[in-house]
Amino acid sequence: MTQTLTLGNKISSGRTAEIYSYSSDTVIKLFLPQFGIKIAEVEYSLHKSLYETGLPIPKIFDFIEFEKRGAIVYQKLEGESLLDSLKKSPQNIKGFACDMADLHYDISKVEAPNGFPTFKDKILSGIKSQDLLDEKKTAAVIDMLESLPSGKSVCHADFHPDNILICDGKYWIIDWMTACSGSFEADYTRTDMILNHSESPNAKLYEKILTKTFGGLFSKLYTGKLIKNGLNLSETVKWKIPIMTARLAENVSLNENNTLLKIINRTLI
């Protein structure tokens, strides 16, 4: 049922949604018109299930349909993203990277609720959707994926510093629309790819340079802490090509596409 919304100030906007103040203690995530209702319904269902696991995520209050757009009402968190904190205090990069590693490792120890989509299915869908590899190479990547374990851990599938908020010294994880059940090694591999290769399509030159510089160092520190926590790095290598190939189906920058293609084609020769 369509409702009337009274929105406060816009807090932020991203590829899929806009965040507005909604009340003194809530915000509303209003999905962009092109995404319709379904994507919001999926996030609402996933987040509601995850909140019951005790993970550090905002409380969820309501789902609203507004002018054929989905909207979700969340607990308001006063703070800033880990990414913004890193930009302000780059001298604390090691502490931030280690904290993010511990947070990710804690997520991996939680078993995904019943009925969650699987990470392997998400990756397979991306591999089949991309059109930058020929049929032979695409089939080879699918064979790689099929040989990998399914896993039962909670996976965020988009875990990076901009999806972590710091509020009164506590870390909170947001944007669970891609949450799924799978292998922690797969979730780590996607995060490592984002840290090392992701960039905004509209990023300025200095922003790209900063991303490359800090992303690489941050990734090394984050990975090093995860290895100490128990990550088997040799197992993550097996996920690299399937996850990079699935990434080609996403709306990423031309530069990132080209970088990933070079790595993929070099491996598949």
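Mentor: Two strands pair if DSSP finds at least two bridges between them. Strands (E, at least two residues) and helices (H or I, at least four) are DSSP runs, numbered from the N terminus. This is a predicted model, where local features need pLDDT of at least 70, side-chain atom pairs count only at pLDDT 80 or more, and totals for chains, interfaces and linings use all residues. Residues are numbered from 1 along each chain as its sequence is written, and side-chain values use heavy atoms, with hydrogens and water left out.

Trainee: How do you know that S6 pairs with strand S8 (residues 164-167)?

Mentor: Two bridges join S6 to S8, and at least two are required. The strands run antiparallel, and Glu 80 stands opposite Ile 166 in S8.

Trainee: What makes S6 and S9 edge strands?

Mentor: The open sheet has the order S6-S8-S9. Strand S6 (80-81) and strand S9 (170-173) each have a single partner strand, so one side of each lacks a neighbour in the sheet.

Trainee: Why is H4 called oblique to H9?

Mentor: Helix H4 (residues 119-129) and helix H9 (residues 240-247) pack at about 55°. Angles run from 0 to 180 degrees between N-to-C directions, with axes fitted to C-alpha atoms, for helices over the stretch in contact. Under 35 degrees is roughly parallel, over 145 roughly antiparallel, 65 to 115 roughly perpendicular, and the rest oblique. H4 is therefore oblique to H9.

Trainee: Which residues of H4 make the contact?

Mentor: Ile 123, Gly 126 and Ile 127 of H4 do, against Pro 242, Ile 243, Thr 245 and Ala 246 of H9. Contact means heavy atoms within 4.5 Å.
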